[in-house]
Amino acid sequence: MSQWFSVCPRIQRPKFRSALVLQVLVLSISFLISRLFLEIFMGTKTRQILLESEQYFLKAQSLEEQAKSNEQDIVQLRESIEDTKKQIDKWQCQEEELKQDYQVKKSSLSKCRQFRLHQAALQGVQRNRLVTGPPYCTVVTPSQLPKFLFVAGIEGSGHHALLTIWESLKETIPLEIIVYDQVFHVLDIEQHASYHYSKISLNSRLKAMSSTFQRAAARGATVIDAQNSYPMGEFAGSLAHPDLLQLQKLDGILYDFRVVVLYRDPADAVMSAVRRFRSDGPRKYKSHLFQARMAVESLVAINNALPQLGCGKWVMFKYEDIVRTPSLLLGPLARLLGVSKTILQGSLSHIKAPTKRELSVLEKKQHEILNNFFHRQEALWPILASLSKAQK
């Protein structure tokens, strides 16, 4: 310093020296203050940085822990997926086992049904019915004679419903439709119409029916006896019904015989017949009680004749199926008539279900009485009863 002062003579003066010292002191103080403020500022910044660094570190730790947790979740999910795959494989195996078990049981059930059908065939019941599967008897070879389709059923069992099919089918194929015809079934009369009965001479029947089938053969037509129910005709008693056994005897001689059997709940059939045919005149006798006994005699006559009909030449339809699900008739009826399903299908569409009629209190009571009566009597027509229940 003294050297510097000696170099600058002007500074050697006391006045200038004091000023210089003061300036140096001020600069030193300023420097120290600036340094102090800088240290304070830098300290604050450093603390902020440290605080932020600590926060980032904590966040990093949290993210790391979350990542580890996610990895554990991923592992658990993978394990769960594997378990699910194993469960799916197990279920698929169980499904295959159930399918195989179902097929085995289905096959067993089918064999059981075939066995039952075979048993029925041996008893002379099922062998006479038109079945969809292989018959259990030798089917009669169709002849060149005109087909004769006879509709057998008690009054009120659905003749009119089927008549709509025949009338429609007549526009497509040659048919000769017979409604009530006393001569055709060689009915004879003793004293009063209520004593109508079918003649017992087969030759008389052959003569009475020959002209019809000669005419049908000439034009290649099928003869359908559509409305000769059991009983047959006005004021007719229980003897006035077609004779299925005599008609069967002429099969292969005069015609190729086929039969459609109509079956309706007997109580409903009786209620329908009385409602449509009873009057205050000559038909006043046609009460529910009389008609019930008439129905019993008629059902027994039909039932007893069925085992004598040719194999595959008859089929039974329930009235309820005819009016509610006509499509059920398509296959069996097409085979019985020997026509294609396409031809027959259009005719089936003409069947309309009747409007459901509400019974009065008296009619409901009468219906209940009839139900109880026929329930006791149905043992007299076991074939019809068993087949009607089998079709439910």
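Which residues does leucine 337 touch, not counting residues up to four places away in sequence? They are Lys147, Leu149, Trp166, Leu169 and Thr222, where contact means heavy atoms within 4.5 Å. Leucine 337 lies in helix α9 (residues 330–337). Its relative accessibility is 5%, so leucine 337 counts as buried. Buried here means under 20% relative accessible area, exposed means over 50%, and partly exposed is in between (1.4 Å probe, protein chains only). Leucine 337 and arginine 258 are 79 residues apart in sequence. Their C-alpha atoms are 8.0 Å apart in space.

The model is predicted: local features need pLDDT of at least 70, side-chain atom pairs count only at pLDDT 80 or more, and totals for chains, interfaces and linings use all residues. Residues are numbered from 1 along each chain as its sequence is written, and side-chain values use heavy atoms, with hydrogens and water left out.

The chain has 392 residues, of which 38% count as buried. It holds 12 helices and 7 strands. Helices (H or I, at least four residues) and strands (E, at least two) are DSSP runs, numbered from the N terminus. Among contacts with a separation of 6 or more, 75% are accounted for by residues 24 or more positions apart.

An open sheet of 5 strands runs in the order β2-β5-β1-β6-β7, with parallel pairing. Two strands pair if DSSP finds at least two bridges between them. β2 (175–178) and β7 stand at the edges with a single partner strand each, so one side of each has no neighbour in the sheet. From one strand to the next, the twist averages 20°.

Tyrosine 263 has lysine 318 of β7 as its bridge partner. Strand β7 (residues 314–318) is mostly covered, with 5 of its 5 residues buried. Trp314, Met316 and Lys318 point one way from β7. Val315 and Phe317 point the other way.

Two helix pairs were examined. Two packed helices are described by the angle between their axes and the distance between the axes. Axes are lines fitted to C-alpha atoms, for helices over the stretch in contact, and angles run from 0 to 180 degrees between N-to-C directions.

The axes of helix α3 (residues 159–169) and helix α10 (residues 341–348) come within 8 Å and cross at roughly 125°. That makes α3 oblique to α10. Angles under 35 degrees count as roughly parallel, over 145 as roughly antiparallel, 65 to 115 as roughly perpendicular and the rest as oblique. α3 passes α10 in a right-handed crossing. A crossing is right-handed if the near helix is turned clockwise from the far one by less than a right angle, and left-handed if anticlockwise. On the α3 side, the contact is made by Ile165, Ser168 and Leu169. Ile343, Leu344, Ser347 and Leu348 contribute from α10. By class, this contact of α3 with α10 has 5 nonpolar, 2 polar and no charged residues. Ala, Val, Leu, Ile, Met, Phe, Trp, Tyr, Cys and Pro count as nonpolar, Asp, Glu, Lys and Arg as charged, and the others, Gly among them, as polar.

Helix α3 is mostly covered, with 8 of its 11 residues buried. The buried residues of α3 include Ile165, Ser168 and Leu169. Trp166 of α3 is also buried, and leucine 337 touches both Trp166 and Leu169.

The second pair is α7 with α11. The axes of helix α7 (residues 288–305) and helix α11 (residues 361–377) come within 11 Å and cross at roughly 25°. α7 and α11 are therefore roughly parallel to each other. Their crossing is right-handed. From α7, His288, Leu289, Ala292, Arg293, Ala295 and Val296 meet Gln366, Leu370, Phe373, Phe374 and Gln377 in α11. The residues of this contact divide into 7 nonpolar, 3 polar and 1 charged.

Phenylalanine 290 is also found in α7. At 31% relative accessibility, phenylalanine 290 counts as partly exposed. Its C-alpha atom is separated by 9.6 Å from that of valine 274, 16 residues apart along the chain.

Threonine 212 belongs to helix α4 (residues 202–219). With 8% relative accessibility, threonine 212 counts as buried. Leaving aside neighbours within four places in sequence, threonine 212 is in contact with Glu176, Ile178, Phe184 and Val223.
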